Amino acid sequence: MFYHDRELQYKVRVEKPNPTFARMLQQAIGGIEGEIRVCLQYLFQAWGTRGPVKYRDMLLETGTEEMAHIEMLATAVALNLEGAPTSLKDEMAKDKMIGAVLGGMDPRHFLSAGLAAMAVDSNGVPFNGSWVVGSGNTAADMYANVMAESTGRVLATRLWEMTDDPGMKDMLSFLIARDTMHQNQWLAVIEELGGVQGVHPIPNSFPQAKEVQDFNYAFVSTYINSGDGNTPAGRWTQGQSIDGKGEFHVVKAQPLGGEPKLAPPVPEGHAQTEQMTLTDTIIGNIKDTLS
């Protein structure tokens, strides 16, 4: 179950409404770096968690907190829109191409939402559920969560730079602080699971003896002259692997798989006649060679 408090998690105030900034804030709501993404990501991970219940509980709590962040941002969007300058409203009334698209404002903020936030990004593209990662592997999910919080924090810091409104800066400073905690929170889970060497390679439940041993710690170089020592040296080309289970080395890329041979087109697929003829010719040549 979920419970709601009428008060926001942190104060949201706007001293100088700015419809253009409201549109920018939409990225923090419905963009790939936004709060809807992390909210759903943590909740779906929690709902599918199998194993220690403490990880499920933590994910549920954090996913629920992210709902509060969506509410804060939606409030900020509304406050930036409801006090739009009179001149902007006049342009809306005159319909001069909606004031060059409302001077940067998303017209759907008015047309579709009545001066409110929407589940879209800053370009008006609806939130995409395929961005939500919930693999069922705790370690893999924690890395996905670190990435989500990292890109979210990058976005929040950029938004912080784009406004001179003290209230908006204060709200964003709070969200940036929470991103800092959440990054560390997910990294703490990885550490608790055994750290880099303990969790890697993910999934650590698959026996590495079944991997192709020549390639599980090889950096495959596609430089044409890689065999001449021209592959740039890096931590990933030499020395012990990060998981401590192998040695990094360089392998020159080579075509080891042979040329692919596909079966002829099936009649029901209705390929072109030339394709059928070409295939018949090839088959005939092969038969001649074998005979």
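Start by selecting Phe2, Phe44, Trp47 and Met67: together they make a nonpolar patch on the surface, with about 410 Å² of accessible area between them. For this, a patch takes residues with over 30% relative accessible area and no salt bridge, and joins nonpolar side chains (Val, Leu, Ile, Met, Phe, Trp, Tyr) within 5 Å, while like charges are joined within 9 Å. Accessible areas come from the Shrake-Rupley method with a 1.4 Å probe, and for residues only the protein chains shown count as cover.

Before you go on, know that this is a predicted model: local features need pLDDT of at least 70, side-chain atom pairs count only at pLDDT 80 or more, and totals for chains, interfaces and linings use all residues. Residues are numbered from 1 along each chain as its sequence is written, and side-chain values use heavy atoms, with hydrogens and water left out.

Now click on Phe44, which sits in helix H2. Phe44 is partly exposed, at 47% relative accessible area. The scale is simple: buried is under 20% relative accessible area, exposed is over 50%, and partly exposed is in between (1.4 Å probe, protein chains only).

Zoom out and switch to a cartoon view. Helices (H or I, at least four residues) and strands (E, at least two) are DSSP runs, numbered from the N terminus. Of the chain's 291 residues, 33% count as buried.

Next, go inside. Select Leu25, Leu73, Leu159, Met168, Met171 and Leu175, the residues with the most contacts inside the largest nonpolar core, which has 39 residues. Helices H1 (19-30), H2 (35-47), H3 (53-82), H7 (138-161) and H8 (166-192) each supply at least two residues of this core, and H3 gives the most, with nine. A nonpolar core here is a set of buried Ala, Val, Leu, Ile, Met, Phe, Trp, Tyr and Cys residues joined through side-chain atoms within 4.5 Å. In soluble globular proteins, nonpolar side chains tend to be buried together.

What does Met171 touch, leaving aside its neighbours within four places in sequence? Its contacts (heavy atoms within 4.5 Å) are Tyr10, Lys11, Val12, Leu25, Met72, Leu73 and Ala76.

Stay with helix H3 and pick Glu66. Is Glu66 buried or exposed? Glu66 counts as buried, at 1% relative accessibility. Show its surroundings and, not counting residues up to four places away in sequence, you'll meet Glu35, Val38, Cys39, Tyr42, Glu149 and His182. An unreviewed UniProt entry covers Glu66 with the annotation "binding site". UniProt positions are given in the numbering used here, feature names are shortened, and annotations may be inferred rather than shown by experiment.

Further along H3, select Leu81, which is buried at 0% relative accessibility. Draw a line from Leu81 to Met105: they are 24 residues apart in sequence and 8.8 Å apart in space, C-alpha to C-alpha.

Last stop: the salt bridges, of which the structure holds five. Each one is a side-chain nitrogen of Lys or Arg within 4 Å of a carboxyl oxygen of Asp or Glu. Select Asp170 and Arg13, whose side chains meet at 3.6 Å, N to O. Asp170 lies in helix H8 and Arg13 in the segment before H1, so the pair ties together parts that are 157 residues apart in sequence.
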